[in-house]
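Please look over the sequence and the structure shown here before reading the notes. They are meant to be read side by side with the model.

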Amino acid sequence: MTGKKLKVAVDSLCRPRRRVRIFLSFLLVFAATCLVHFIQKQHFLNIFEGLGTGEMLGITPQQSTEILSSENGENGNADHRQQAEAVLTSLVTPVKLPLSQQDTDSHQRKLLKTSPPISHTNANNITTLLSTSSSDTNASVPSVPSVPKNWAKVSATVKARRDLVKEMCAKYKSNIPKNITKGHLYHVFVEDKYKLLYCQVPKAGCSNWRRTLMVLSGYASNVEKIKHDTVHYASNLRSLNNYDNEGVIHRLKTYTKVLFVREPMQRLVSAYRDKFENPNDYYHRLFGKPIISKYRVNASEEARKTGNGVTFKEFIQYLLDVHRPIGMDIHWNLVDKLCHPCIMNYDFIGKFENMEEESDFLLRLIGAPSDLKLPTFKDRNPKDKKTSTDVMESYFSQVTAEEKQKVYDFYYMDYQMFNYSKPFNDLH
C-alpha cells in the first residue's frame with residue numbers, strides 16, 4: 001500500500017516536468033521555423049528591393065544586375081546578382097520588335113495614291129553624297145540626278161550637323177530606348193514617289209514643305225495655288241505612323257529622312273505672334289483663356305471669356321510653369337520632342353535660316369522637277385514683319401533676365417543639338 005502511494009506521488013511530480021519539456025521543445029521548433037522563414041523573407045525582400053525599378057521600367061536582366069552591383073559595391077554579392085537575373089528573366093521578357101503598336105494615331109488620313117516607280121536617288125546614295133568631304137577637291141560627284149553646283153559646301157554642312165546630332169545624343173541621351181514606336185512617327189510625313197520622310201517642325205517652314213510634298217506626290221500642280229487650310233486639313237499627305245510595321249520598317253530603311261529646324265527662341269516668338277496676336281479663335285479659346293485666368297491679376301470677365309490679348313510675358317509664364325493650366329503645343333514644343341533625332345537618324349538636317357539654298361539642294365538631289373522650288377510666301381498674316389533677331393529681342397525685352405535664362409534652359413537641348421549660338425550675351 002505504501003509502495004503504491006509512493007509511485008503515485010512520484011508520477012505526480014514528474015508529469016509537470018514532462019509537460020514543461022514538451023512545451024519547451026515546441027517553442028524551440030516554432031522559433032527555429034520562424035527564424036528560417038524570416039531569413040528567407042529578408043533575402044527575397046533584398047532582391048526585389050533592387051528589382052523594383054527594373055521591373056517597372058522594363059530594364060533588362062543585365063541592366064538590373066548592374067544596378068544591384070552598383071548598390072552593393074564593386075564586389076556585390078554574386079548570389080544576389082545571379083538570383084536577381086534569374087527572377088528578372090522569368091518576369092520580364094524583352095520585346096525585340098523594332099516597332100510597337102502603342103501610341104497609334106486616332107486620326108486616319110486618306111490613303112496615299114500609288115504612283116508608278118520613277119528613277120530617283122535613294123537614301124543610301126544621298127548619305128554617300130553627304131558624307132563626301134568638301135575638303136577633297138579631287139572627289140568625284142556621286143552619280144545622282146541633277147547634283148547642285150554647291151553640293152560640296154552644303155553636303156559638308158549637312159554632314160557636320162548630322163555628326164553633331166550623333167555626338168549630342170551620345171552625350172546626353174545614351175540611355176534612351178532605341179526602339180521606335182508609333183508615337184515617334186506622328187509628325188513624319190511620307191512622300192512615296194521620291195521616297196522622302198519629312199518631319200514637320202511648325203514655324204520652321206513646314207507649311208511650304210507640305211505644299212512641296214503635295215506637288216511631288218501629284219496632289220497639286222502648283223505650290224503657289226495651295227491654300228493654308230488645304231495644306232493642313234485636306235492635303236492627303238499620310239503620316240508614317242499610319243503604316244503597318246512592315247511599311248514603316250521599309251520606309252525607314254530606304255527613304256531619305258529630312259528635318260528642318262529653326263533658332264529656338266525666334267521660333268517661339270513666331271509662334272506667339274501667329275497664335276495670340278492675330279485672330280485665332282481656336283488658340284485663344286484653348287490656350288488664351290486658361291493662361292489669362294492663371295497669370296493675369298484682376299483679369300476682366302471679357303478676357304477670361306474670350307482668351308484674347310495674351311501678353312508675351314503671360315505666355316512665357318505659362319511656358320515655364322511646371323504646373324501649366326493647359327499642355328504643350330507642337331508650335332512651341334522642342335524639336336527633340338517632335339522629331340526624336342536621337343532615334344530617327346535623319347539623313348538631311350536643314351535650317352530655316354538657309355531654307356532657300358538648302359531646300360533647293362535637297363530637291364535637286366532627289367531628282368525633283370527642275371522647275372519645282374520651295375515657296376517662300378506667308379499665307380497667314382502676310383503683312384506681319386518676319387520674326388527676325390531684332391523682332392525676337394524686342395519681345396524678350398518684356399520679360400525678366402531670369403525668365404529669359406529659363407527659356408534658354410528650356411530649349412537648351414535644341415540649341416546644343418543643332419548648333420545655335422546663345423541669342424543673348426547675358427545668358428549662361
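This is a predicted model: local features need pLDDT of at least 70, side-chain atom pairs count only at pLDDT 80 or more; totals for chains, interfaces and linings use all residues.

The secondary structure comprises 18 helices and 7 strands. Among contacts in the chain with a separation of 6 or more, 73% are made by residues 24 or more positions apart.

**Packing of H9 against H16**

- Helix H9, covering residues 264-276, packs against helix H16, covering residues 389-396, at an angle of about 75 degrees and with 9 Å between their axes. Angles from 65 to 115 degrees count as roughly perpendicular, and H9 is therefore roughly perpendicular to H16.
- On the H9 side the contact is made by Met265, Gln266, Leu268, Val269, Tyr272 and Arg273, while H16 contributes Thr389, Val391, Met392, Tyr395 and Phe396.
- Sorted by class, the residues in this contact of H9 with H16 are 8 nonpolar, 2 polar and 1 charged.

**Aromatic pairs around Tyr272**

- The model contains 26 aromatic pairs, and one of them joins Tyr272 to Phe312, whose ring centres lie 5.2 Å apart with the planes at 70 degrees. Planes over 60 degrees apart count as edge-to-face, which is why the pair of Tyr272 and Phe312 is given that description.
- Because Tyr272 belongs to helix H9 and Phe312 to helix H12 (residues 312-320), this pair ties together parts of the chain that are 40 residues apart in sequence.
- Both partners fall under the 20% limit that defines a buried residue, since Tyr272 has a relative accessibility of 4% and Phe312 has a relative accessible area of 1%.
- Tyr272 also pairs with Phe315, with 5.5 Å between the ring centres and 35 degrees between the planes, so this pair is tilted. Here again the partners lie in H9 and H12, so the pair ties together parts 43 residues apart in sequence.
- Phe315 is buried, as is Tyr272.
- One aromatic cluster takes in Tyr272, Phe312 and Phe315, and its other members include Phe276, Tyr282, Tyr283, Phe287, Tyr318, Trp332 and Phe424. Tyr395 and Phe396 are also in this cluster, and both take part in the contact that H16 makes with H9.

**The buried residues of H12**

- In H12 the buried residues are Phe312, Glu314, Phe315, Ile316, Tyr318 and Leu319.
- The elements that these buried residues of H12 pack against are H9, helix H10 (281-295), H16 and helix H17 (401-410).

**Arginines over aromatic rings**

- Arg262 places its charged end over the ring of Phe352, at 4.1 Å from the ring centre.
- Arg210 lies over the face of Phe189, and in this case the distance from the ring centre is 4.5 Å.

- Met355 is located in helix H15, which spans residues 355-365, and Met355 counts as buried because its relative accessibility is 10%, where the limit is under 20%.
- Although Met355 and Phe260 are 95 residues apart along the chain, their C-alpha atoms are separated by 8.2 Å.
- Leaving aside residues up to four places away in sequence, Met355 touches Ala204, Gly205, Trp209, Phe260, Asp360 and Leu374.

Technical notes:
Residues are numbered from 1 along each chain as its sequence is written. Side-chain values use heavy atoms; hydrogens and water are left out. Axes are lines fitted to C-alpha atoms, for helices over the stretch in contact, and angles run from 0 to 180 degrees between N-to-C directions. Helices (H or I, at least four residues) and strands (E, at least two) are DSSP runs, numbered from the N terminus. Angles under 35 degrees count as roughly parallel, over 145 as roughly antiparallel, 65 to 115 as roughly perpendicular and the rest as oblique. Contact means heavy atoms within 4.5 Å. Ala, Val, Leu, Ile, Met, Phe, Trp, Tyr, Cys and Pro count as nonpolar, Asp, Glu, Lys and Arg as charged, and the others, Gly among them, as polar. Rings of Phe, Tyr and Trp (its six-membered ring) pair if their centres lie within 6.5 Å; planes under 30 degrees apart count as stacked, over 60 as edge-to-face and the rest as tilted. Buried means under 20% relative accessible area, exposed over 50%, partly exposed in between (1.4 Å probe, protein chains only). A charge sits over a ring if NZ of Lys or CZ of Arg is within 6 Å of the ring centre and within 35 degrees of the ring normal.
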